[in-house]
Amino acid sequence: MLPKPADPTRKIRLRTGFVVGVLCVFALALAGRFFYIQVMRHEYYLDKAKKKYTSSMRTFGRRGEIFDCHGELLVGNQPCMEISASPCNIRDDALRRKVAQCCAAHLNRDEEYFYKKLAPHVIRKDENGRDVEKPNTYQMLGRFTPYEIGEKLQKELRALGINANTVSFRDSSRRTYPKGRMLSNWLGYTNIVEDSDVAQSGIEKSLDQAISQQTGRRVYIHARDGAPLTDGLLDNQESRDGKNIYLTIDEPIQAILEEELDAAMIEFSPKIIYAAIADPATGKILAIAQRPTFDPNDRKTFRPEATQNHIAEDYYEPGSVVKPFTVGKALDWGVVTPETKVDCEKGRWIYRKRPLTDSHDVGLVTVGEVIAQSSNIGTAKIALQIGSKQRIYQIMRIFGGGQKTDLPIAHQSAGNLRPPHLWDGQMITRVPIGYSVGWTALQLLRAYCGLANPLGMPHLRLIDRYEDPLTGETTEPEEKPFRRVFQHDSARTALLEMMIGVTRKGGTATRAAIPGYTVAGKTGTSNKVDPETHRYSNKLMCSFIGIVPAHDPKLVMIVSLDSPDPKFRSGGRVSAPIFARTMKRVLQYLNVPPDEPVPEK
C-alpha cells in the first residue's frame, strides 16, 4: 500500500494555529490587563486622568460682621484679592524676570524680592533633617491686594502667557475696624496665620465659632492654559458666610463715653480708666470703654496695658461702693430701719485691738446718714448687727461677688471672695466696707443693676442678636432669669433714697448731681496694695457708681480710675464728675424726661 502523500497545508495549519494561539494568549493577557486597569484600578487611573484636565480650588465665605444695636458697622470685611504663585511652572528665567518686574510695579516690593520668591526650586529639610532641593510649588505674592491693582496685574501676567495654574488670583477679604479704637478691647482683632483669619481676642475670639465662615470646594474641567471651561463644573460645595452679630452697644452712647474718658485722661492723669453703662431693666450693656486702648487697624498701638481688658480682668478692693449691699440687706432682713441710730465714734473706733477710721468726723447718725457720709465705722457696726461672717459672705454672693458675669469674653476674673472659714477676726468689719475682698467693675455694675431693678439682678448682656446672612433670619441669646436680691422691695426703695443723699448737699458725691434728675449713687476710694511690699500704698482706686433717674431707673454707670494724679484723693472728686458729664449727655440723647425740677441759678 502506497503511503499517503504529504499534506502540503499541514505546516501552514500548524503555523496558523501557533500564531492564533499566540494571539489568543496575547488577547487574553491584553483583556486581563484591560480588566485590571478598567475595573481593578479604575479609580486610581481615573484620578490620574482627571488631574490632567480638572482642577479644584477652595472657595471662602466671609467672616461674620459685627454691628451695634442699630446696625451701625463696627467690624467688617473689605473685599480684596489674594495673589499666589506656583513658581515651579515658570521654567524660563527671562519670563521669571518679567513676572517679577510686573509684581514689583504693583505690589509695593522691589523686583529682586519677587525674583527670589519665584525661584523654581527651594531648599527644604527632609525627614532626616538634610537639605534637599524641591520644586517651589507655592508662594504668597500679595495677601490683601486692592481689587483694581489685582486686576491690572492679572491682565499683564496673562499677556505674558502666565496662566491660572502658575499665578492665581482669588477673591478675598480683609478684616477692617471702621470705628478705629472704639470698643476695641471688646471687639478684639484677628491675625493671619497660615493664610487664614485667626481670632486673637475679644468677641472675635470668644464667638469665633459663630462668626467663622465655612470653606467650600469647586471642581472644574480646565483648558490647556488652566482657564475653567464654561460648562466644565463637576462639583461645587458652597462656602458659607459666618453669622453677623448685633451687639447691645448703642454707638452714639459709646462715642459719648469714649469722648468723656479722653477728657478725663487729660484732667486727672490716671494710669488706667474704665467705665460702662447698662440698662438695669434688661442688663444690656449700652457702652463700655477704657483708656489706654488701641486701634486694631494699626498694630503699632498694640501694647500690653492697652490690649488688656482691664474692666473684665482686673479686680480690686473697691471700698465704699460695696457698703449699700450690706446696708441694703440689713434693711431687708429687718436688722435696722432707715431711722436706726448708729454711733460712728467721731471717726475712730477700735475693734479687736485694730483701729477703723472714717475720712471725717461722724457721730451718732441714722443709717441713711451712714450711707450719705460713707462711714466705715457705721457700716461695720451694722455688719456686726447682722450677726456672723457667714451672713456677710452670703450678702456678697447674693450681689454676685466671686462670680463671673455672662459677658462673652475669654479672660474674665471672678474677683476674690474668700470663704468664711478663711476669714480672720477683722474681716467681718472689712469686707462690708469693700476691703479684704476683690471685685471687678463689671461685677459691681451687675450688682447695682440689682439695686436699681425691682425684679432683681439681671444677667449682663452684650449680644443682642445673631443674623444668618444668607436667609436674614435672626436669633436672640437665651434669656436667663433675674436673681432676686431683696425679699422686700421697700428695703430697696429705702436704700435708693439713702443713696440719693450721697449726691446731694452734705453727701460725698455732690459732683455727680445732674440738674433735673435724681441720682442715686456711691463713691469708692481705696488704697492699692503694693505688689512688692504687699502693703497698702498711697496710690488709689477711685470709683463712682450711679443710678439715674433714681425714682425710675433707666441707666446705671460705673467709672473707675486707677492711680489718678495724687492731688485728687477721692472718687467723689474724680469719678463723680465724669459720671455727671457723661450721663447728662446720654440722658439728652435718649430723651429721658427730668424727674425733678431744675434748681434755679
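Tutor: Pro 549 sits in the loop between strand S24 (536-548) and strand S25 (555-562). In this predicted model, the peptide bond that joins Val 548 and Pro 549 is cis, with omega about -20 degrees. Most peptide bonds are trans, and most residues other than glycine have a negative phi. A salt bridge also occurs at Lys 554, whose partner is Asp 552, with the closest N and O atoms 2.5 Å apart. Lys 554 counts as partly exposed because its relative accessible area is 34%. Asp 552 is partly exposed as well, with a value of 45%.

A cis bond is also found from Arg 291 to Pro 292, where omega is near 5 degrees. Pro 292 belongs to the loop between strand S14 (284-291) and helix H10 (304-307).

Lys 346 is not a glycine, yet has a positive phi of about 60 degrees. Its place is the loop between strand S16 (341-343) and strand S17 (348-351). With 61% relative accessibility, Lys 346 is exposed. Arg 352, also not a glycine, has a positive phi of about 55 degrees. Arg 352 lies in the loop between S17 and strand S18 (354-357). The relative accessibility of Arg 352 is 55%, so this residue counts as exposed.

Now the charged side chains. Side chains of opposite charge can pair when their charged atoms come close. A search of the whole structure gives 28 salt bridges. One of them is between Asp 208 and Arg 63, at 2.8 Å from N to O. Asp 208 is in helix H8 (residues 208-211) and Arg 63 is in the loop between strand S1 (54-60) and strand S2 (66-67), so this pair ties together parts that are 145 residues apart in sequence. Arg 63 is buried, with a relative accessible area of 3%, whereas Asp 208 is partly exposed at 26%.

Arg 461 and Glu 479 form another salt bridge, with 3.1 Å between the closest N and O atoms. This pair links distant parts of the chain, 18 residues apart: Arg 461 is in the loop between helix H17 (441-452) and strand S21 (463-467), and Glu 479 is in the loop between strand S22 (474-475) and helix H18 (489-500). Arg 461 is buried, at 14% relative accessible area, while Glu 479 is exposed, at 53%. Salt bridges also join into a network made up of Glu 259, Glu 260, Glu 267, Arg 581 and Arg 585.

Asp 250 is a contrasting case. This residue is buried but has no salt bridge, and the nearest side chain of opposite charge, that of Lys 284, is 10 Å away. Asp 250 is located in the loop between strand S12 (244-247) and helix H9 (251-268).

The cysteines come next. There are zero disulfides in the structure. Cys 69 takes part in none, and the nearest cysteine sulfur, in Cys 449, is 16 Å away. Cys 69 counts as partly exposed, at 22% relative accessibility. For Cys 80, the closest cysteine sulfur is in Cys 103, and the separation of 16 Å is too far for a bond. Cys 80 is buried, with a relative accessible area of 3%.

Two further places complete the picture. On the surface, Phe 18, Val 19, Val 22 and Leu 23 form a nonpolar patch with about 390 Å² of accessible area together. Gly 129 lies in the loop between strand S4 (121-125) and strand S5 (131-135). Gly 129 is partly exposed, at 39%. Between the C-alpha atoms of Gly 129 and Ile 398 the separation is 61 Å, with the two residues 269 positions apart along the chain.

Notes:
Residues are numbered from 1 along each chain as its sequence is written. This is a predicted model: local features need pLDDT of at least 70, side-chain atom pairs count only at pLDDT 80 or more; totals for chains, interfaces and linings use all residues. Side-chain values use heavy atoms; hydrogens and water are left out. Patches are made of residues with over 30% relative accessible area and no salt bridge: like charges are joined within 9 Å, nonpolar side chains (Val, Leu, Ile, Met, Phe, Trp, Tyr) within 5 Å. Accessible areas come from the Shrake-Rupley method with a 1.4 Å probe; for residues, only the protein chains shown count as cover. A salt bridge is a side-chain nitrogen of Lys or Arg within 4 Å of a carboxyl oxygen of Asp or Glu. A disulfide is a pair of cysteine sulfur atoms within 2.5 Å. Buried means under 20% relative accessible area, exposed over 50%, partly exposed in between (1.4 Å probe, protein chains only). Helices (H or I, at least four residues) and strands (E, at least two) are DSSP runs, numbered from the N terminus. Lys and Arg count as positive and Asp and Glu as negative; His and the chain ends are not counted.
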